[in-house]
Amino acid sequence: MTIGTIGILTGGGDCPGLNAVIRGVVKSAIIRHSWEVIGIEDGFDGLLDLKKYRPLSLEDVRGILPRGGTILGTTNRGNPFSCPMELEGKIVQIDCSDTVMANIRTLGIDALITVGGEGSLKIALELSRKGVPVVGVPKTIDNDLRETDFTFGYNTALETATDALDKLHSTAESHHRVMILEVMGRYAGWIALESGIAGGADVILIPEIPFSIGRICEAVKERSGRGSRFSIIVAAEGAFPQGGGRVVAKEADERNTIERLGGIGQYVAKQIEHCLDMDVRVTVLGHLQRGGSPTTFDRALGSRFGTKAVQMVADNEFGRMACLRGRHISSVSIEDATRDLKLVDPNGEIVQTAMDLGIMLGC
Ligand code: F6P
């Protein structure tokens, strides 16, 4: 298949390193292959509206490597296979993917590079099944995409969470308090687990291991008994108590198809205050984890994924996603990568490391 023009879009929640990918794609497409590149704005929404695109030149990507966010914009709402429409006063979901297909043809896009997490890559897979030549690039701060050792953005989020834990340590120690840090991680506890190990947490709560309030209190009391009059707890937003459910900040509605999580830190604080004679404070790290300049690791990984995606287009490797295996960049089918999420193994080496360090994992 002869390629003249490629499109690129960024979908789902943003994360540090997206601009490194865009720059990698634009530079290698133009310098190595003399292709044209079209940037689609605001994820798949940009393919439903022919005003939301722009050509990308070398000039357009100059200076974006250290910048957080995405110069193309993104959204974690919207799916062209399920577009909300008002019909007789009611909102119904209809399939708009034919409009996307028509717009891809109108723009003269020969192949589409989709940079996204599980949700966006599943949409890309559906488009590929309809005949669009698609290449995926894995993105998420949660690092929960299967078939790649790391997604870019995760390393930067970890740095942010670890830095927060370092800062909480000194104030926790001064005031003899329990400090709870709530971090992102809807289904997977990677950020909580690895930042907790790196930041010297005493208790780590992750969605993969339902926790017991009683055991958390015991762990804090044991520490106090050993003379450590403060404790640090890291809780992933998706962590939940044994027999209970996730703490939801906002239910799903017509605009947001999945509920917004948030509040696990406050929940745990309220519960442990009953069994501890200590002050407890909560810090919610929130979207600070998604913002800011990418780390060296994420800039390099994003650049490698971007150039690999272009090479995959040149090699007609469609329906596949760039991935990192060990130290090597490779590719895998999008279908395999999105089959299910890469969760923390409760019996795996990293959890064992945490336990060997005396960290309590909630039960
Ligand atoms: O998927 C990445 C993620 O950061 C999740 O960990 C979190 O639940 C979600 O995005 C938050 O998204 P929003 O930007 O809609 O608040």
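In this predicted model, about 1,100 Å² is buried between domain 1 and domain 2. Carbon and sulfur atoms give 52% of that area. On the domain 1 side, the greatest losses of area to domain 2 fall on Arg 77, Ile 141 and Asp 142. Together these residues make up 46% of what that side buries.

Domain 1 comprises 5-152 + 294-326. Domain 2 comprises 157-291 + 345-356. Their C-alpha centres are 33 Å apart. Eleven residues of domain 1 and 13 residues of domain 2 take part in the contact.

Specific polar links across the interface were then examined. One salt bridge is found between domain 1 and domain 2. One residue pair is in polar contact across the interface, with both residues at pLDDT 80 or more. By class, the side of domain 1 that touches domain 2 has four nonpolar, three polar and four charged residues. A salt bridge joins the side chains of Arg 290 and Asp 14, with an N to O distance of 2.9 Å.

The ligand site draws on both domains. Because domain 1 and domain 2 both give residues to the shell around the ligand, the ligand lies between them. The shell consists of Asn 76, Ile 141, Asp 142, Met 184, Gly 185, Arg 186, Glu 237, His 287 and Arg 290. Two of these residues are nonpolar, three are polar and four are charged. Ile 141 and Asp 142 of this shell are also among the residues of domain 1 that lose the most area to domain 2.

An N or O atom in the side chain of Glu 237 is 2.6 Å from a ligand oxygen. For Asp 142, a polar side-chain atom lies 3.0 Å from an oxygen atom of the ligand. Gly 185 places a backbone N or O atom 3.5 Å from a ligand oxygen. On its own the ligand has 400 Å² of accessible area, and the protein covers 74% of it.

Conventions
Residues are numbered from 1 along each chain as its sequence is written. This is a predicted model: local features need pLDDT of at least 70, side-chain atom pairs count only at pLDDT 80 or more; totals for chains, interfaces and linings use all residues. Side-chain values use heavy atoms; hydrogens and water are left out. Domain bounds come from an automatic or database domain assignment. Contact means heavy atoms within 4.5 Å. Buried area is the accessible area (1.4 Å probe) that two parts lose on being put together, summed over both. A salt bridge is a side-chain nitrogen of Lys or Arg within 4 Å of a carboxyl oxygen of Asp or Glu. A polar contact is a pair of N or O atoms within 3.5 Å; within protein, one must be able to donate a hydrogen and the other to accept it, and residues adjacent in sequence count only if both atoms are side-chain atoms. Ala, Val, Leu, Ile, Met, Phe, Trp, Tyr, Cys and Pro count as nonpolar, Asp, Glu, Lys and Arg as charged, and the others, Gly among them, as polar. A residue is near a molecule or strand if one of its heavy atoms lies within 4 Å of it. Accessible areas come from the Shrake-Rupley method with a 1.4 Å probe; for residues, only the protein chains shown count as cover.
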